Amino acid sequence: MPAPSEQFVLALDQGTTSARAILFDRRGNIRGLAQQEITQHYPQPGWVEHDANEIWTAQLAVARAVLRDNGVDATRIAAVGITNQRETTVLWDRATGQPVHRAIVWQDRRTAGICDELTGAGHAELFQQRTGLVLDAYFSGTKLKWLLDHIPGARARAERGELAFGTIDSWLAWKLTGEHVTDPSNASRTLLFDIHRQCWDDELLALLNIPAVLLPRLVANSGEIATINAEWLGAAIPLSGMAGDQQAATFGQACLDIGMAKNTYGTGCFLLMNTGPQPMASQHRLLTTVGWQRNGQTTWLLEGSVFMGGATVQWLRDGLGLIASAGEVETLAASVPDNGGVYLVPAHTGLGAPYWDPTARGALFGLTRGTTRAHIARAALEAIAFQSAEVLQAMESDAGQPIREVRVDGGAARNDLLMQFQADLLGVPVVRPKVTETTALGAAYLAGLAVGYWQDEAEIGALWQVERRFAPSMADDQRTALFANWRRAIQRTLGWAGS
(Lines give C-alpha, C1' and ligand atoms only; values in the text may rest on other atoms or scores of the structure.)
Protein backbone atom coordinates (compact mmCIF):
# COMPACT_ATOMS: atom_id res chain seq x y z
CA MET A 1 0.00 0.00 0.00
CA PRO A 2 1.25 3.53 -0.72
CA ALA A 3 2.28 5.90 2.05
CA PRO A 4 -0.75 7.64 3.62
CA SER A 5 0.32 11.09 2.44
CA GLU A 6 1.40 10.16 -1.09
CA GLN A 7 -0.52 11.80 -3.93
CA PHE A 8 -1.29 10.37 -7.36
CA VAL A 9 -2.75 11.27 -10.72
CA LEU A 10 -5.66 9.14 -11.96
CA ALA A 11 -5.97 8.39 -15.68
CA LEU A 12 -9.30 7.23 -17.10
CA ASP A 13 -8.52 5.32 -20.30
CA GLN A 14 -11.66 4.51 -22.27
CA GLY A 15 -10.56 2.31 -25.16
CA THR A 16 -12.38 0.44 -27.90
CA THR A 17 -12.49 -2.86 -26.05
CA SER A 18 -12.21 -1.88 -22.38
CA ALA A 19 -12.46 0.83 -19.75
CA ARG A 20 -9.43 1.22 -17.51
CA ALA A 21 -8.36 3.36 -14.61
CA ILE A 22 -4.67 3.69 -13.73
CA LEU A 23 -2.95 5.42 -10.81
CA PHE A 24 0.43 7.02 -11.57
CA ASP A 25 3.00 8.36 -9.12
CA ARG A 26 5.51 11.19 -9.60
CA ARG A 27 7.99 8.86 -11.32
CA GLY A 28 5.39 7.95 -13.93
CA ASN A 29 5.12 4.46 -12.50
CA ILE A 30 1.84 2.50 -12.33
CA ARG A 31 0.65 2.14 -8.75
CA GLY A 32 -2.74 0.60 -9.45
CA LEU A 33 -4.85 -0.58 -12.40
CA ALA A 34 -8.44 -1.73 -12.86
CA GLN A 35 -10.02 -2.83 -16.14
CA GLN A 36 -13.41 -3.92 -17.47
CA GLU A 37 -14.25 -5.08 -21.00
CA ILE A 38 -16.79 -3.26 -23.18
CA THR A 39 -19.41 -5.15 -25.22
CA GLN A 40 -19.02 -4.87 -28.99
CA HIS A 41 -22.25 -4.73 -31.01
CA TYR A 42 -22.32 -5.62 -34.72
CA PRO A 43 -25.91 -5.02 -35.91
CA GLN A 44 -25.00 -5.34 -39.60
CA PRO A 45 -21.85 -6.15 -41.60
CA GLY A 46 -19.53 -3.15 -41.39
CA TRP A 47 -21.43 -1.61 -38.45
CA VAL A 48 -19.86 -1.36 -34.98
CA GLU A 49 -21.64 0.10 -31.93
CA HIS A 50 -21.11 0.57 -28.20
CA ASP A 51 -23.62 1.22 -25.43
CA ALA A 52 -22.62 4.66 -24.12
CA ASN A 53 -24.26 3.95 -20.76
CA GLU A 54 -22.19 0.78 -20.43
CA ILE A 55 -19.07 2.82 -21.18
CA TRP A 56 -19.98 5.27 -18.42
CA THR A 57 -20.84 2.67 -15.79
CA ALA A 58 -17.72 0.62 -16.63
CA GLN A 59 -15.46 3.68 -16.46
CA LEU A 60 -16.92 4.75 -13.14
CA ALA A 61 -16.65 1.21 -11.77
CA VAL A 62 -12.94 0.86 -12.61
CA ALA A 63 -12.16 4.34 -11.25
CA ARG A 64 -13.76 3.42 -7.94
CA ALA A 65 -12.12 -0.01 -7.95
CA VAL A 66 -8.56 1.26 -8.48
CA LEU A 67 -8.93 3.60 -5.51
CA ARG A 68 -10.56 0.99 -3.28
CA ASP A 69 -8.23 -1.89 -4.16
CA ASN A 70 -5.12 0.21 -3.52
CA GLY A 71 -6.32 1.89 -0.35
CA VAL A 72 -6.22 5.37 -1.88
CA ASP A 73 -8.69 7.98 -0.71
CA ALA A 74 -10.01 10.34 -3.39
CA THR A 75 -8.55 13.31 -1.51
CA ARG A 76 -5.09 12.01 -2.47
CA ILE A 77 -5.80 12.33 -6.20
CA ALA A 78 -4.13 15.53 -7.39
CA ALA A 79 -5.83 15.49 -10.78
CA VAL A 80 -7.71 13.31 -13.26
CA GLY A 81 -6.96 12.94 -16.97
CA ILE A 82 -9.26 11.41 -19.58
CA THR A 83 -8.10 9.65 -22.73
CA ASN A 84 -10.41 7.94 -25.15
CA GLN A 85 -11.07 6.03 -28.33
CA ARG A 86 -11.42 8.83 -30.83
CA GLU A 87 -14.13 9.51 -33.45
CA THR A 88 -16.68 7.26 -31.71
CA THR A 89 -19.87 9.31 -31.74
CA VAL A 90 -22.42 9.78 -28.95
CA LEU A 91 -25.69 11.73 -29.18
CA TRP A 92 -27.59 12.29 -25.94
CA ASP A 93 -30.51 14.12 -24.35
CA ARG A 94 -29.30 17.14 -22.37
CA ALA A 95 -32.22 16.95 -19.92
CA THR A 96 -32.04 13.26 -19.05
CA GLY A 97 -28.38 12.56 -19.83
CA GLN A 98 -29.48 9.48 -21.76
CA PRO A 99 -28.11 8.50 -25.19
CA VAL A 100 -30.69 8.51 -27.97
CA HIS A 101 -28.88 5.73 -29.86
CA ARG A 102 -25.92 3.43 -29.34
CA ALA A 103 -22.57 5.11 -29.93
CA ILE A 104 -21.27 4.61 -33.48
CA VAL A 105 -17.69 3.36 -33.16
CA TRP A 106 -14.73 4.69 -35.15
CA GLN A 107 -14.47 1.35 -37.00
CA ASP A 108 -18.03 1.62 -38.31
CA ARG A 109 -18.33 1.95 -42.11
CA ARG A 110 -22.06 2.69 -42.53
CA THR A 111 -21.43 6.26 -43.71
CA ALA A 112 -19.09 5.39 -46.58
CA GLY A 113 -21.89 6.27 -48.99
CA ILE A 114 -22.25 9.74 -47.47
CA CYS A 115 -18.53 10.27 -47.97
CA ASP A 116 -18.81 9.11 -51.58
CA GLU A 117 -21.64 11.60 -52.20
CA LEU A 118 -19.64 14.47 -50.71
CA THR A 119 -16.58 13.49 -52.73
CA GLY A 120 -18.68 13.23 -55.88
CA ALA A 121 -20.00 16.73 -55.23
CA GLY A 122 -16.42 18.03 -55.12
CA HIS A 123 -16.12 18.69 -51.37
CA ALA A 124 -13.23 16.35 -50.47
CA GLU A 125 -10.54 19.00 -50.96
CA LEU A 126 -12.36 21.50 -48.75
CA PHE A 127 -12.63 18.97 -45.93
CA GLN A 128 -8.96 18.07 -46.29
CA GLN A 129 -7.79 21.68 -46.31
CA ARG A 130 -9.90 22.72 -43.32
CA THR A 131 -9.61 19.60 -41.14
CA GLY A 132 -6.37 17.89 -42.20
CA LEU A 133 -8.39 14.69 -42.70
CA VAL A 134 -9.45 12.60 -45.67
CA LEU A 135 -13.19 12.38 -46.26
CA ASP A 136 -13.80 8.95 -44.75
CA ALA A 137 -16.42 7.15 -42.66
CA TYR A 138 -13.76 6.75 -39.94
CA PHE A 139 -14.39 10.26 -38.62
CA SER A 140 -17.25 11.56 -36.46
CA GLY A 141 -18.95 14.08 -38.73
CA THR A 142 -20.72 11.68 -41.07
CA LYS A 143 -21.62 9.40 -38.13
CA LEU A 144 -23.38 12.35 -36.47
CA LYS A 145 -25.14 13.20 -39.74
CA TRP A 146 -26.34 9.58 -39.98
CA LEU A 147 -27.78 9.73 -36.44
CA LEU A 148 -29.62 12.99 -37.19
CA ASP A 149 -30.91 11.55 -40.48
CA HIS A 150 -32.11 8.23 -39.07
CA ILE A 151 -33.41 8.88 -35.54
CA PRO A 152 -36.98 10.21 -35.87
CA GLY A 153 -37.16 13.84 -34.81
CA ALA A 154 -33.49 14.04 -33.88
CA ARG A 155 -32.52 16.96 -36.11
CA ALA A 156 -35.48 19.07 -34.95
CA ARG A 157 -34.63 18.29 -31.33
CA ALA A 158 -31.00 19.15 -32.01
CA GLU A 159 -31.97 22.51 -33.51
CA ARG A 160 -34.01 23.25 -30.37
CA GLY A 161 -30.91 22.62 -28.25
CA GLU A 162 -32.31 19.49 -26.62
CA LEU A 163 -29.52 17.16 -27.72
CA ALA A 164 -25.74 17.12 -27.28
CA PHE A 165 -23.04 15.55 -29.43
CA GLY A 166 -19.69 14.40 -28.21
CA THR A 167 -16.89 11.97 -28.72
CA ILE A 168 -16.17 9.73 -25.72
CA ASP A 169 -14.12 12.40 -23.93
CA SER A 170 -17.12 14.73 -24.03
CA TRP A 171 -19.50 12.02 -22.88
CA LEU A 172 -17.38 11.09 -19.85
CA ALA A 173 -16.70 14.73 -18.97
CA TRP A 174 -20.44 15.45 -19.12
CA LYS A 175 -21.24 12.53 -16.81
CA LEU A 176 -18.43 13.33 -14.36
CA THR A 177 -18.71 17.13 -14.24
CA GLY A 178 -21.90 18.26 -15.98
CA GLU A 179 -19.81 20.29 -18.45
CA HIS A 180 -20.16 19.84 -22.23
CA VAL A 181 -16.54 20.15 -23.40
CA THR A 182 -14.00 18.64 -25.75
CA ASP A 183 -10.35 19.29 -26.54
CA PRO A 184 -8.54 20.11 -29.82
CA SER A 185 -7.08 16.61 -30.25
CA ASN A 186 -10.55 15.06 -30.28
CA ALA A 187 -12.22 17.94 -32.12
CA SER A 188 -9.66 17.61 -34.91
CA ARG A 189 -11.00 14.10 -35.64
CA THR A 190 -14.60 15.09 -36.32
CA LEU A 191 -14.49 16.57 -39.87
CA LEU A 192 -16.18 19.60 -38.28
CA PHE A 193 -13.16 21.47 -36.88
CA ASP A 194 -10.99 23.98 -38.72
CA ILE A 195 -7.54 23.04 -37.44
CA HIS A 196 -5.99 26.29 -38.64
CA ARG A 197 -8.48 28.66 -36.97
CA GLN A 198 -8.96 26.19 -34.06
CA CYS A 199 -12.75 26.41 -34.11
CA TRP A 200 -15.86 24.63 -35.37
CA ASP A 201 -16.41 25.35 -39.06
CA ASP A 202 -19.84 26.66 -40.13
CA GLU A 203 -19.37 25.74 -43.79
CA LEU A 204 -18.55 22.11 -43.00
CA LEU A 205 -21.43 21.94 -40.54
CA ALA A 206 -23.76 23.20 -43.28
CA LEU A 207 -22.53 20.59 -45.77
CA LEU A 208 -23.36 17.86 -43.25
CA ASN A 209 -26.58 19.59 -42.07
CA ILE A 210 -25.42 19.57 -38.43
CA PRO A 211 -26.70 22.29 -36.06
CA ALA A 212 -23.83 24.06 -34.28
CA VAL A 213 -25.79 24.08 -31.01
CA LEU A 214 -25.03 20.35 -30.69
CA LEU A 215 -21.29 20.87 -30.32
CA PRO A 216 -19.20 20.96 -27.13
CA ARG A 217 -17.15 23.90 -25.90
CA LEU A 218 -13.43 23.71 -26.70
CA VAL A 219 -10.88 23.56 -23.86
CA ALA A 220 -7.10 23.07 -23.79
CA ASN A 221 -5.71 19.54 -23.40
CA SER A 222 -3.97 20.57 -20.18
CA GLY A 223 -5.52 23.16 -17.89
CA GLU A 224 -8.52 23.95 -15.71
CA ILE A 225 -11.18 21.96 -17.58
CA ALA A 226 -13.81 21.21 -14.91
CA THR A 227 -14.27 19.67 -11.46
CA ILE A 228 -15.42 16.09 -10.99
CA ASN A 229 -18.47 15.95 -8.73
CA ALA A 230 -17.68 14.51 -5.30
CA GLU A 231 -20.53 11.97 -5.56
CA TRP A 232 -18.59 9.91 -8.11
CA LEU A 233 -15.24 9.24 -6.42
CA GLY A 234 -15.69 10.63 -2.91
CA ALA A 235 -14.11 14.05 -3.35
CA ALA A 236 -14.19 16.97 -5.78
CA ILE A 237 -11.14 16.47 -8.04
CA PRO A 238 -9.81 18.66 -10.88
CA LEU A 239 -10.36 17.27 -14.37
CA SER A 240 -7.29 18.93 -15.87
CA GLY A 241 -6.16 16.70 -18.75
CA MET A 242 -8.00 15.40 -21.80
CA ALA A 243 -6.73 13.97 -25.10
CA GLY A 244 -7.60 11.44 -27.75
CA ASP A 245 -5.85 8.14 -27.19
CA GLN A 246 -3.19 8.46 -29.88
CA GLN A 247 -2.25 12.03 -29.04
CA ALA A 248 -2.09 11.04 -25.36
CA ALA A 249 0.16 8.09 -26.21
CA THR A 250 2.49 10.36 -28.18
CA PHE A 251 2.77 12.66 -25.15
CA GLY A 252 3.18 9.66 -22.82
CA GLN A 253 6.01 8.38 -25.03
CA ALA A 254 7.71 11.76 -24.53
CA CYS A 255 7.79 12.36 -28.29
CA LEU A 256 8.14 16.04 -27.47
CA ASP A 257 10.64 17.09 -30.15
CA ILE A 258 10.16 17.48 -33.90
CA GLY A 259 10.73 14.23 -35.79
CA MET A 260 10.10 11.89 -32.86
CA ALA A 261 7.59 9.11 -33.63
CA LYS A 262 5.62 6.43 -31.85
CA ASN A 263 3.42 3.52 -32.96
CA THR A 264 0.61 2.21 -30.78
CA TYR A 265 -0.45 -1.40 -31.31
CA GLY A 266 -4.00 -1.42 -29.97
CA THR A 267 -7.21 -2.44 -31.70
CA GLY A 268 -5.77 -0.54 -34.64
CA CYS A 269 -2.24 0.73 -35.17
CA PHE A 270 -1.49 4.43 -35.05
CA LEU A 271 1.85 5.88 -36.09
CA LEU A 272 2.29 9.54 -35.16
CA MET A 273 5.20 11.93 -35.65
CA ASN A 274 5.72 15.27 -33.90
CA THR A 275 5.91 18.04 -36.52
CA GLY A 276 6.25 20.88 -33.99
CA PRO A 277 4.40 24.21 -33.83
CA GLN A 278 3.32 24.15 -37.49
CA PRO A 279 0.92 21.73 -39.23
CA MET A 280 2.43 19.61 -42.02
CA ALA A 281 0.23 18.87 -45.04
CA SER A 282 0.62 15.29 -46.28
CA GLN A 283 1.22 14.36 -49.91
CA HIS A 284 0.66 10.68 -49.12
CA ARG A 285 -2.83 10.67 -47.61
CA LEU A 286 -1.69 10.85 -44.01
CA LEU A 287 -3.59 12.99 -41.52
CA THR A 288 -2.59 16.37 -40.15
CA THR A 289 -3.89 16.48 -36.60
CA VAL A 290 -3.63 18.52 -33.43
CA GLY A 291 -1.38 16.81 -30.91
CA TRP A 292 -1.99 18.84 -27.78
CA GLN A 293 -2.61 22.38 -26.68
CA ARG A 294 -1.21 23.71 -23.41
CA ASN A 295 -0.02 27.09 -22.15
CA GLY A 296 -1.48 28.68 -25.28
CA GLN A 297 0.76 26.65 -27.60
CA THR A 298 -0.31 23.97 -30.09
CA THR A 299 1.87 20.98 -31.04
CA TRP A 300 1.01 19.28 -34.34
CA LEU A 301 1.30 15.66 -35.45
CA LEU A 302 1.28 13.71 -38.68
CA GLU A 303 -0.64 10.45 -38.36
CA GLY A 304 -1.20 7.22 -40.21
CA SER A 305 -4.07 5.04 -39.03
CA VAL A 306 -4.31 1.26 -39.51
CA PHE A 307 -7.78 -0.09 -38.74
CA MET A 308 -6.90 -3.72 -37.94
CA GLY A 309 -3.96 -4.10 -35.54
CA GLY A 310 -4.66 -6.11 -32.41
CA ALA A 311 -8.15 -6.61 -33.82
CA THR A 312 -6.53 -9.00 -36.30
CA VAL A 313 -5.46 -11.24 -33.41
CA GLN A 314 -8.93 -10.89 -31.86
CA TRP A 315 -10.37 -12.16 -35.14
CA LEU A 316 -8.06 -15.21 -35.05
CA ARG A 317 -9.44 -15.90 -31.56
CA ASP A 318 -13.12 -14.98 -31.86
CA GLY A 319 -13.79 -15.34 -35.57
CA LEU A 320 -11.70 -18.36 -36.54
CA GLY A 321 -11.08 -20.04 -33.19
CA LEU A 322 -7.41 -20.60 -34.10
CA ILE A 323 -6.29 -19.53 -30.61
CA ALA A 324 -8.02 -19.56 -27.23
CA SER A 325 -6.44 -16.32 -26.02
CA ALA A 326 -4.60 -13.45 -27.68
CA GLY A 327 -1.47 -14.29 -25.70
CA GLU A 328 -1.12 -17.62 -27.53
CA VAL A 329 -0.48 -16.06 -30.92
CA GLU A 330 3.23 -15.39 -30.42
CA THR A 331 4.05 -18.97 -29.41
CA LEU A 332 1.99 -20.37 -32.27
CA ALA A 333 3.52 -18.00 -34.84
CA ALA A 334 7.04 -18.71 -33.56
CA SER A 335 6.55 -22.45 -34.06
CA VAL A 336 7.24 -22.00 -37.79
CA PRO A 337 10.37 -20.31 -39.21
CA ASP A 338 8.47 -18.03 -41.61
CA ASN A 339 5.03 -17.39 -43.08
CA GLY A 340 5.27 -20.25 -45.57
CA GLY A 341 4.28 -17.89 -48.36
CA VAL A 342 1.01 -16.95 -46.63
CA TYR A 343 -0.11 -13.30 -46.51
CA LEU A 344 -3.14 -12.02 -44.64
CA VAL A 345 -4.55 -8.62 -45.60
CA PRO A 346 -6.81 -7.70 -42.65
CA ALA A 347 -9.05 -5.29 -44.56
CA HIS A 348 -12.07 -6.48 -42.59
CA THR A 349 -13.35 -2.89 -42.24
CA GLY A 350 -11.60 -1.49 -45.30
CA LEU A 351 -8.07 -0.10 -45.41
CA GLY A 352 -6.80 3.03 -43.69
CA ALA A 353 -3.62 4.94 -44.49
CA PRO A 354 -2.18 5.25 -47.05
CA TYR A 355 -4.92 3.58 -49.17
CA TRP A 356 -8.16 4.83 -47.58
CA ASP A 357 -10.31 2.27 -49.37
CA PRO A 358 -13.53 1.47 -47.49
CA THR A 359 -14.40 -1.12 -50.15
CA ALA A 360 -11.28 -3.24 -49.61
CA ARG A 361 -11.95 -6.53 -47.82
CA GLY A 362 -9.81 -9.02 -45.95
CA ALA A 363 -8.17 -11.94 -47.71
CA LEU A 364 -5.67 -14.75 -47.21
CA PHE A 365 -3.19 -15.44 -50.02
CA GLY A 366 -0.67 -18.17 -50.72
CA LEU A 367 -2.47 -21.09 -49.04
CA THR A 368 -1.20 -24.60 -49.89
CA ARG A 369 -1.80 -28.08 -48.50
CA GLY A 370 1.22 -27.45 -46.30
CA THR A 371 -0.31 -24.34 -44.68
CA THR A 372 -1.00 -24.73 -40.96
CA ARG A 373 -2.71 -22.57 -38.35
CA ALA A 374 0.78 -21.49 -37.29
CA HIS A 375 1.45 -19.99 -40.73
CA ILE A 376 -1.85 -18.09 -40.56
CA ALA A 377 -0.99 -16.84 -37.07
CA ARG A 378 2.40 -15.67 -38.30
CA ALA A 379 0.84 -14.01 -41.35
CA ALA A 380 -1.56 -12.18 -39.02
CA LEU A 381 1.29 -10.75 -36.92
CA GLU A 382 3.28 -9.87 -40.02
CA ALA A 383 0.26 -8.06 -41.49
CA ILE A 384 0.23 -5.72 -38.50
CA ALA A 385 3.89 -4.89 -39.16
CA PHE A 386 3.48 -4.54 -42.95
CA GLN A 387 0.66 -2.02 -42.53
CA SER A 388 2.65 0.04 -40.02
CA ALA A 389 5.74 -0.05 -42.24
CA GLU A 390 3.82 1.35 -45.20
CA VAL A 391 2.62 4.22 -43.03
CA LEU A 392 6.17 4.97 -41.87
CA GLN A 393 7.44 5.03 -45.44
CA ALA A 394 4.73 7.55 -46.36
CA MET A 395 5.57 9.62 -43.28
CA GLU A 396 9.27 9.74 -44.14
CA SER A 397 8.40 10.90 -47.66
CA ASP A 398 6.20 13.70 -46.28
CA ALA A 399 8.82 14.76 -43.74
CA GLY A 400 11.66 14.61 -46.26
CA GLN A 401 13.88 12.89 -43.72
CA PRO A 402 14.25 9.42 -42.19
CA ILE A 403 12.78 8.59 -38.81
CA ARG A 404 15.63 7.48 -36.54
CA GLU A 405 13.64 5.18 -34.26
CA VAL A 406 10.05 4.29 -33.42
CA ARG A 407 8.83 4.13 -29.83
CA VAL A 408 6.13 1.51 -29.37
CA ASP A 409 3.30 0.82 -26.95
CA GLY A 410 -0.07 -0.91 -26.72
CA GLY A 411 -0.95 -4.51 -25.98
CA ALA A 412 0.71 -6.06 -29.04
CA ALA A 413 3.95 -4.17 -28.35
CA ARG A 414 4.62 -6.83 -25.71
CA ASN A 415 4.90 -9.40 -28.52
CA ASP A 416 8.66 -9.80 -29.09
CA LEU A 417 8.24 -11.67 -32.39
CA LEU A 418 6.11 -8.86 -33.81
CA MET A 419 8.44 -6.13 -32.57
CA GLN A 420 11.51 -7.78 -34.10
CA PHE A 421 9.73 -8.28 -37.42
CA GLN A 422 8.60 -4.65 -37.27
CA ALA A 423 12.18 -3.45 -36.78
CA ASP A 424 13.31 -5.68 -39.65
CA LEU A 425 10.68 -4.23 -42.01
CA LEU A 426 11.28 -0.63 -40.96
CA GLY A 427 15.04 -0.85 -41.01
CA VAL A 428 15.23 1.30 -37.86
CA PRO A 429 15.23 0.39 -34.15
CA VAL A 430 11.91 -0.26 -32.44
CA VAL A 431 12.09 0.85 -28.80
CA ARG A 432 9.75 -0.42 -26.08
CA PRO A 433 9.57 1.65 -22.87
CA LYS A 434 9.40 0.28 -19.33
CA VAL A 435 5.90 1.71 -18.96
CA THR A 436 3.87 0.60 -21.99
CA GLU A 437 0.58 2.07 -20.74
CA THR A 438 1.58 5.28 -22.47
CA THR A 439 -1.94 6.33 -23.50
CA ALA A 440 -3.05 6.56 -19.89
CA LEU A 441 0.34 7.97 -18.91
CA GLY A 442 -0.01 10.78 -21.45
CA ALA A 443 -3.42 11.72 -20.05
CA ALA A 444 -1.94 11.66 -16.55
CA TYR A 445 0.98 13.87 -17.61
CA LEU A 446 -1.36 16.43 -19.22
CA ALA A 447 -3.52 16.49 -16.08
CA GLY A 448 -0.58 16.60 -13.66
CA LEU A 449 1.24 19.37 -15.50
CA ALA A 450 -1.85 21.58 -15.21
CA VAL A 451 -1.86 21.37 -11.40
CA GLY A 452 1.90 21.43 -10.82
CA TYR A 453 2.24 17.71 -9.98
CA TRP A 454 4.94 17.69 -12.67
CA GLN A 455 6.73 20.92 -13.50
CA ASP A 456 7.41 20.89 -17.23
CA GLU A 457 7.99 18.77 -20.34
CA ALA A 458 11.69 18.40 -19.55
CA GLU A 459 10.75 16.52 -16.39
CA ILE A 460 8.37 14.34 -18.41
CA GLY A 461 11.07 13.52 -20.95
CA ALA A 462 13.54 12.55 -18.22
CA LEU A 463 11.09 10.00 -16.79
CA TRP A 464 10.90 7.97 -20.03
CA GLN A 465 13.00 4.76 -19.85
CA VAL A 466 13.85 1.99 -22.32
CA GLU A 467 12.84 -1.56 -21.52
CA ARG A 468 14.08 -3.16 -24.76
CA ARG A 469 15.46 -2.03 -28.10
CA PHE A 470 14.82 -4.21 -31.17
CA ALA A 471 17.50 -3.62 -33.81
CA PRO A 472 16.83 -4.50 -37.47
CA SER A 473 18.65 -7.62 -38.64
CA MET A 474 16.96 -8.57 -41.93
CA ALA A 475 18.89 -8.48 -45.21
CA ASP A 476 17.76 -5.83 -47.69
CA ASP A 477 16.91 -8.34 -50.43
CA GLN A 478 14.70 -10.35 -48.08
CA ARG A 479 12.88 -7.19 -46.96
CA THR A 480 12.35 -6.18 -50.61
CA ALA A 481 10.92 -9.60 -51.50
CA LEU A 482 8.53 -9.62 -48.55
CA PHE A 483 7.24 -6.16 -49.42
CA ALA A 484 6.75 -7.13 -53.06
CA ASN A 485 4.50 -10.04 -52.05
CA TRP A 486 2.63 -7.92 -49.50
CA ARG A 487 1.86 -5.25 -52.09
CA ARG A 488 0.65 -7.89 -54.58
CA ALA A 489 -1.74 -9.11 -51.91
CA ILE A 490 -2.93 -5.58 -51.06
CA GLN A 491 -3.72 -4.80 -54.70
CA ARG A 492 -6.02 -7.81 -54.92
CA THR A 493 -8.16 -6.62 -51.99
CA LEU A 494 -8.74 -3.05 -53.18
CA GLY A 495 -12.29 -2.25 -54.31
CA TRP A 496 -13.53 -5.77 -53.52
CA ALA A 497 -16.86 -4.60 -52.06
CA GLY A 498 -17.27 -1.77 -54.58
CA SER A 499 -19.81 -1.59 -57.36
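The following dialogue asks what stands behind some of the words used for this predicted model.

Student: What makes the protein chain agree with a compact globule?

Tutor: With 499 residues, a compact globule would have a radius of gyration near 23 Å, and the protein chain has 22 Å, so the two agree. Along the principal axes, the C-alpha atoms fill a box of roughly 60 × 60 × 45 Å.

Student: How many helices and strands does the secondary structure come to?

Tutor: The protein chain has 17 helices and 23 strands. Of its 499 residues, 62% count as buried. Among contacts between residues at least 6 apart in sequence, 72% join residues at least 24 apart.

Student: Why is I195 called buried?

Tutor: Buried means under 20% relative accessible area. I195 has 1% relative accessibility, so I195 counts as buried.

Student: Where is I195 found, and which residues does I195 touch?

Tutor: I195 is in the loop between β10 (193–194) and β11 (199–200). Leaving out residues up to four places away in sequence, I195 touches R130, T131, G132, S188, T288, V290 and W300. Contact here means heavy atoms within 4.5 Å.

Student: How far apart are I195 and S473?

Tutor: In sequence they are 278 residues apart, and in space 40 Å, C-alpha to C-alpha.

Student: Why is T436 called buried?

Tutor: The relative accessible area of T436 is 15%, and the cut-off is under 20%, so T436 is buried. Its place is in the loop between β22 (430–433) and α15. Apart from residues up to four places away in sequence, T436 touches D409, G410 and R414.

Student: And T439, how do you know which word applies, buried or exposed?

Tutor: Exposed would need over 50% and buried needs under 20%. T439 has a relative accessible area of 11%, so T439 is buried. T439 lies in helix α15 (residues 438–451). Its contacts, not counting residues up to four places away in sequence, are D13, T83, D245, A248 and A249.

Student: Why is strand β2 called largely enclosed?

Tutor: In β2 (residues 18–24), 7 of the 7 residues are buried, so the strand is largely enclosed by the rest of the structure.

Student: What makes you say that both faces of β2 are covered?

Tutor: In a regular strand the side chains alternate between the two faces of the sheet. In β2, S18, R20, I22 and F24 are on one side and A19, A21 and L23 on the other, and all are buried.

Student: How do you know that β1 and β2 pair?

Tutor: A pair of strands needs at least two bridges, and 6 bridges join β1 (residues 8–14) to β2, so they pair. The two strands run antiparallel. A hairpin of 3 residues joins β1 to β2.

Student: What makes β2 and β3 a pair?

Tutor: Again the rule is at least two bridges, and 7 bridges join β2 to β3 (residues 30–37), so this counts as a pair. These strands also run antiparallel. A19 has Q36 as its bridge partner in β3. β2 and β3 form a hairpin with 5 residues between them, and in the turn G28 has a positive phi of about 75°.

Student: How do you know where empty space is left?

Tutor: Rolling a probe the size of a water molecule over the atoms shows this. The count comes to 3 cavities of 30 Å³ or more.

Student: What makes a space a cavity, and what lines the largest cavity?

Tutor: In a cavity a 1.4 Å probe fits but cannot get out. The largest cavity holds about 60 Å³ of space. V306, L351, G352, A353, P354, Y355, Q387, E390 and I490 line the largest cavity. This lining divides into 6 nonpolar, 2 polar and 1 charged.

Student: Which residues line the second largest cavity?

Tutor: They are R378, L381, E382, L417, L418 and F421, around about 40 Å³ of space. α13 (373–399) and α14 (416–426) each supply at least two residues of this lining.

Student: Why does the lining of the second largest cavity have 2 charged residues?

Tutor: Arg and Glu count as charged, and R378 and E382 are in the lining, so these are the 2 charged residues. The lining also has 4 nonpolar residues and no polar ones.

Methods:
Residues are numbered from 1 along each chain as its sequence is written. This is a predicted model: local features need pLDDT of at least 70, side-chain atom pairs count only at pLDDT 80 or more; totals for chains, interfaces and linings use all residues. Side-chain values use heavy atoms; hydrogens and water are left out. Helices (H or I, at least four residues) and strands (E, at least two) are DSSP runs, numbered from the N terminus. Buried means under 20% relative accessible area, exposed over 50%, partly exposed in between (1.4 Å probe, protein chains only). The radius of gyration is taken over C-alpha atoms; the globule rule is 2.2 Å times the number of residues to the power 0.38. On a 1 Å grid over the protein atoms alone, a cavity is a set of points where a 1.4 Å probe fits but cannot get out, and a pocket is an open set with protein on both sides within 12 Å along at least five of seven lines; lining residues have an atom within 4 Å of a point. Grid points are joined across faces, edges and corners, and a volume is the space filled by probe spheres set on the points.
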